[in-house]
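Here is a short briefing to read alongside the model. Please keep the viewer open as you go.

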Amino acid sequence: MVNSRQRFEAFQAALKRSDSYRGSMVFSATGGTDYLLKSYYDPKSGLRRQRSLGPRTAETEALKQAFERGRAEAAEDLKAARAAIERQAGINRALGLDRIPDLGARILRALDAAGVMGRGLRVAGTNALFAYEAAAGVRFPVGVTTTEDIDLLFDARARIDFLAEEEVSERSLIALLRRVDRSFERLPADFRARNRDGYLVDLIRPLRNPPWREERTALSPVASDELQAVGIDGLAWLESAPEFAAMAIDQRGYPVRLVAPDPRAFAVHKLWLSGRVDREAERRARDRAQAEAVAALVTAHMPHLPFEVAALQSFPRDVVAAAAPLFVGETEAGFTW
């Protein structure tokens, strides 16, 4: 895992450097004078743009040569970083470090590449456990991590800017999903998409108080079949909790970056869910098991994350107090606010 993190960081740095050389520099004649033109894709709009860097001079000649030399070096660095990731993936599979289901990992990777992971979207639900266990260097039992869906927590307060590597006609969550798997379609329950194999992606958001308060419910305001986030009670607590970012390993051995709620907040929220009488009994049992597993992980392997108010101030006091015994055996009376 340490090697994987180091190589993933090197890959991300190489990718960032390579991205800085996207486009081209060419001399083009206008009115009898050669001008150095730089062509590039705007990372926010996805549109191809061009600007002049000045007429041909010794300085612009040197600028063009430096650009081409830097782009070639960046391409070589990225190629080497990719090769290291490939080799490490084989080692990870051999060591049994592969965890995140392939389709879920590809979706998460696409969201991260588009610039929305941790910037308007967080991973919620079962998939968040892969971030926690990877950061702690342990494994949860299969029974608490098995999943055939992914919940994405939408923060309507965040400014969302899709990044693009090339000109695209549509920027939306449903479009991203279809780039991963063309069979994804939005269901009549418009917060949910499903592919031909039955894998589900749910877009969820906090149910506001008052519930009729207007706010954005979608990543894209223009896509006709964009997913519309469904309001769910209790998610405002997770939305306001600190974020937790980690690198995990997918089933093919490749790294994946996840951004999820703080594990302490996750456990407190799951325990609260397990007590909801309007929730299916099977789901309540799974919620309880996940709450206990994450709390035990934090207590044993994350001493830098103490069970304290600073990380849980978005929750009601009684909800936090009820979860205290899961962490360090604290009682309501012994918990300091």
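**The second largest pocket**

The residues lining the second largest pocket comprise 12 nonpolar, 7 polar and 15 charged ones (Ala, Val, Leu, Ile, Met, Phe, Trp, Tyr, Cys and Pro count as nonpolar, Asp, Glu, Lys and Arg as charged, and the others, Gly among them, as polar). This is a predicted model, in which local features need pLDDT of at least 70, side-chain atom pairs count only at pLDDT 80 or more, and totals for chains, interfaces and linings use all residues. Residues are numbered from 1 along each chain as its sequence is written, and side-chain values use heavy atoms, with hydrogens and water left out.

**Pocket details**

- The volume of the second largest pocket is about 890 Å³ (the space filled by probe spheres set on grid points joined across faces, edges and corners).
- Among its 34 lining residues, those closest to the centre are Asp151, Lys270, Arg279, Arg283 and Asp287.
- A pocket here is an open set of points on a 1 Å grid over the protein atoms alone, where a 1.4 Å probe fits, with protein on both sides within 12 Å along at least five of seven lines; lining residues have an atom within 4 Å of a point.

- β1 (residues 24-30) pairs antiparallel with β2 (residues 33-41) over 7 bridges (pairing takes at least two DSSP bridges; strands are DSSP E runs of at least two residues, numbered from the N terminus).
- Thr30 has Thr33 in β2 as its bridge partner.
- In the turn of the β1-β2 hairpin, Gly31 has a positive phi of about 60 degrees.
- β2 also runs antiparallel to β3 (residues 48-55), joined by 6 bridges.

Note on methods: Helix = DSSP H or I, 4+ residues; strand = E, 2+ residues; numbered from the N terminus.
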